[in-house]
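This report describes how the parts of one model are arranged. Look at the sequence and the structure first, then read on.

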2 protein chains.
Amino acid sequence: MARAAGVSQSTVSIVLAGKAEGRVTPETRQAVHEAARRLGYRPNLAARNLRLGRTRTVLLVVPTLTGAVFGPIYAGAAEVAASRGFGVVLHPWPDDAGPARSQVDTQAIEGVLASSIVGGISDFGDLPVVVMDSDPAAPAPTINFDVAGGMRAIAGHLAELGHRRIGHVAAAVDAWTFRVRGEALADAFPGSLIRQTTAIDVAAARQAALRLLDRPDRPSAVVCDDDLIAAGAYKAARALGLDIPGDLSVTGFDDVLLATALEPELTTVRLPAERLGATAMTALLELLDGRRPSGVSLPGELVVRASTGPPAQARPR
Amino acid sequence: MARAAGVSQSTVSIVLAGKAEGRVTPETRQAVHEAARRLGYRPNLAARNLRLGRTRTVLLVVPTLTGAVFGPIYAGAAEVAASRGFGVVLHPWPDDAGPARSQVDTQAIEGVLASSIVGGISDFGDLPVVVMDSDPAAPAPTINFDVAGGMRAIAGHLAELGHRRIGHVAAAVDAWTFRVRGEALADAFPGSLIRQTTAIDVAAARQAALRLLDRPDRPSAVVCDDDLIAAGAYKAARALGLDIPGDLSVTGFDDVLLATALEPELTTVRLPAERLGATAMTALLELLDGRRPSGVSLPGELVVRASTGPPAQARPR
DNA sequence: GAACCCTTGTCATACGTATTACCAAGCCGT
DNA sequence: ACGGCTTGGTAATACGTATGACAAGGGTTC
């Protein structure tokens with residue numbers, strides 16, 4: 001390549017790095033670019049990384065690829081990263097931890113953007129880490145959705161409609177985000193009935209909702225920890241012959257695709273996933289620069305659809 | 001590191017590569033391992049890649065991260081890759097093509113596993129490529145779901161129930177998989193009514209299904225190109241006061257989470273996504289070995305749930 | 001006892017890049 | 001005319017690994 005351009009390899013490197021200002025005459029510069037184009041030259045990443053001792057790559061760890069929020073999170077993170085010359089490599093965590101460990105171990109990445117995995121932070125050695133959607137008390141900067149605020153919005157909406165007896169179908173998962181959702185709701189409706197799902201899937205949620213609703217003093221509204229659980233609540237309501245929202249109001253959380261696929265469409269809270277990814281990546285890059293980013297909490301937005309209404313006894317006859 | 005073990009760097013390399021058999025005395029071997037553990041030694045991937053001229057990494061290109069099938073596809077592919085010492089890096093394609101191009105350009109990957117993107121194959125230069133879920137006439141080995149067989153299974157199921165007039169809500173996407181679905185259904189029910197959605201989302205599917213159903217001679221069953229579209233058909237049916245499956249049978253395709261979240265649960269075809277990923281990765285690794293893998297078609301499985309039944313006029317009164 | 005082989009390592013080198021130090025001119029000013 | 005400055009470029013080096021060539025010492029074989 002250097003031979004083809006008729007100059008030394010050093011010159012090629014300088015020109016291609018864009019540092020030719022005042023160092024290389026325009027003609028030679030042109031010649032180098034010409035040769036590069038002709039030969040289809042591409043810099044070798046391995047060599048560059050070796051020489052520079054850095055990879056300009058960060059690892060995005062997601063708990064699972066099936067979750068609906070990770071697409072936008074990735075998009076937001078990747079865009080910010082790209083604007084700073086960084087690449088993003090994705091790794092689904094629980095499926096198989098091996099590849100990520102090897103990525104970390106072999107110094108192939110410079111930092112980690114982790115979502116919802118407080119326990120595993122120490123696994124990344126002393127690499128800079130930013131966690132998303134996790135306990136702010138974690139030993140790393142946290143970028144979160146304001147789930148407490150979102151849940152308060154739901155509670156406020158239901159209170160305004162006139163609901164007094166509330167049920168809560170809670171996700172049986174030990175994660176910060178669900179703990180906060182539960183606490184925020186308990187604060188707003190101290191006497192709410194709570195039933196745990198045994199897992200986050202529709203069938204389990206249906207069972208839990210049935211235990212909540214199949215009783216004489218059933219609540220007039222059920223708040224679900226996420227949209228998927230709300231789908232289970234729909235099924236329970238249908239099984240009991242309850243009309244939504246006539247006999248029962250139902251709310252979800254996250255505003256995934258499912259929310260508008262259900263009938264009636266689900267009142268829920270939309271979370272700014274793309275902004276979360278972007279904000280978290282910004283924080284991680286700050287961390288890589290040696291600065292100390294502060295934690296952030298991003299507000300969600302209450303989306304009122306057709307699954308909530310006034311309680312039966314409060315409706316005009 | 002070599003100093004710490006009291007041996008030369010060459011010896012370290014030999015020992016750690018596991019090629020010490022008959023070349024290094026067990027004591028030295030032990031000393032090297034000891035030193036490696038004490039220093040927490042990790043090989044530098046960039047240096048290794050540079051020296052070997054290969055990265056043992058393949059790129060998995062997915063059209064979008066939100067699709068429900070990519071988790072299993074990744075899992076299957078990653079497991080096979082790992083068993084052969086390869087890593088997998090994910091790249092969502094349409095969101096942003098930049099990073100992938102740079103990955104390819106900088107020789108950071110050795111091959112590409114592409115899903116559902118016939119048009120873009122040439123973008124990968126002369127890298128080995130295996131495509132999933134794509135036209136077998138593509139200039140690369142194709143690993144596919146047997147969607148034609150799946151659609152025939154649906155058609156057979158409906159025919160057996162007694163349905164004669166069929167509607168088809170087709171996805172308005174120019175992709176091999178949807179073209180085949182349409183052709184297979186048209187073969188089984190030559191006179192079927194077809195309506196295209198304007199996009200793959202619930203609202204558009206609802207509109208298309210309404211145009212199909214809101215007529216005197218409406219079909220007794222609608223076949224939808226995927227589960228999401230089926231959700232739209234559910235909404236249309238509800239809007240027209242049609243009971244599923246009493247007045248109308250509905251079928252989906254793919255068996256995503258949504259299928260069991262709907263009420264009634266959706267009859268659909270389950271596709272072996274994890275096997276697809278594993279098979280495709282196997283083919284790609286064969287290609288890297290210089291062999292010529294043949295195309296594969298993986299059968300799906302008809303899952304009969306509650307959304308299909310005999311047509312109204314055929315039911316016992 | 002000499003030629004040979006086997007064992008156990010080490011030396012030297014190459015991969016492709018970025019960068020520091022250096023060098024050869026040409027051009028000033030005094 | 002000569003030292004110093006500027007301009008335009010090259011030589012040398014280092015990053016960490018893998019590997020083919022080579023060397024020293026000890027045993028075996030005739």
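Within α4(B), the buried residues are Leu45(B), Ala46(B) and Asn49(B). Because they cover an arc of only 100° around the axis, they lie on the same side of α4(B). An α-helix has 3.6 residues a turn, so residues three or four places apart point the same way. The buried residues of α4(B) pack against α4 of chain A. After α4(B) comes Gly53(B), which has a positive phi near 70°. The model is predicted.

How are the two chains related? Two copies of a chain are related by a rotation about an axis and a shift along it. Here, chain B is superposed on chain A by a rotation of 180° with 0.0 Å of shift along the axis, and the RMSD is 0.0 Å. The two copies are thus related as by a two-fold rotation axis. Ala46(B) has the C-alpha nearest the axis in chain B, at 2.3 Å from it.

The contact between the chains involves 42 residues of chain B and 42 residues of chain A. On the side of chain B that touches chain A, at least two residues each come from α4 (45-52), α5 (70-83), β2 (87-92), α6 (98-105), α10 (227-239) and α11 (258-261) of chain B. The element that gives the most to this side is α5(B), with seven residues. By type, the residues on this side of chain B are 23 nonpolar, 11 polar and eight charged. The copies meet through the same surface, because 100% of the interface residues of chain B are also interface residues in chain A.

## The DNA strands

The unreviewed UniProt entry annotates residues 1-52 of chain A as "domain: HTH lacI-type". Over residues 1-52, chain A is 65% helix and 0% strand, and the end C-alpha atoms are 21 Å apart.

Which residues come nearest to DNA strand C? Of the 24 residues around DNA strand C, they are Ala47(A), Ser8(B), Ser10(B), Thr11(B) and Thr25(B). DNA strand D is surrounded by 24 residues, the closest being Ser8(A), Thr11(A), Thr25(A), Ser10(B) and Ala47(B). For DNA strand D, the elements that give two or more residues to the nearby surface are α2 and α4 of chain A together with α2 and α4 of chain B. The surface near DNA strand C likewise has at least two residues from each of α2 (9-16) and α4 (45-52) of chain A and α2 (9-16) and α4 of chain B. The residues near DNA strand C divide into 10 nonpolar, 10 polar and four charged.

Most residues other than glycine have a negative phi, and most peptide bonds are trans. The table lists some exceptions.

| Site | Backbone angle |
|---|---|
| Ile244(A) to Pro245(A), cis | omega about 5° |
| Glu263(A) to Pro264(A), cis | omega near 0° |
| Asp255(A), not a glycine | positive phi of about 55° |
| Asp133(B), not a glycine | positive phi near 60° |

Pro245(A) is in the loop between α10 (227-239) and β9 (249-251) of chain A, and Pro264(A) is in the loop between α11 (258-261) and β10 (268-270) of chain A. Asp255(A) lies in the loop between β9 and α11 of chain A. Is Asp255(A) buried or exposed? Asp255(A) is buried, because 25 other C-beta atoms lie within 10 Å. Asp133(B) sits in the loop between β4 (129-132) and β5 (142-145) of chain B. Asp133(B) also counts as buried, with 25 C-beta neighbours inside 10 Å.

Definitions and conventions. Residues are numbered from 1 along each chain as its sequence is written. Chains are lettered from A and ligands numbered from 1 in the order in which they are written. This is a predicted model: local features need pLDDT of at least 70, side-chain atom pairs count only at pLDDT 80 or more; totals for chains, interfaces and linings use all residues. Copies are superposed by least squares on the C-alpha atoms of residues with pLDDT of at least 70 in both. Two residues are in contact if their C-beta atoms, placed from the backbone, lie within 7 Å. Helices (H or I, at least four residues) and strands (E, at least two) are DSSP runs, numbered from the N terminus. Ala, Val, Leu, Ile, Met, Phe, Trp, Tyr, Cys and Pro count as nonpolar, Asp, Glu, Lys and Arg as charged, and the others, Gly among them, as polar. A residue is near a molecule or strand if its C-beta atom, placed from the backbone, lies within 6 Å of it. A residue is buried if 20 or more other C-beta atoms lie within 10 Å of its own, exposed if 12 or fewer, and partly exposed in between; C-beta atoms are placed from the backbone. The arc is that of the directions from the helix axis to the C-beta atoms. UniProt positions are given in the numbering used here, feature names are shortened, and annotations may be inferred rather than shown by experiment.
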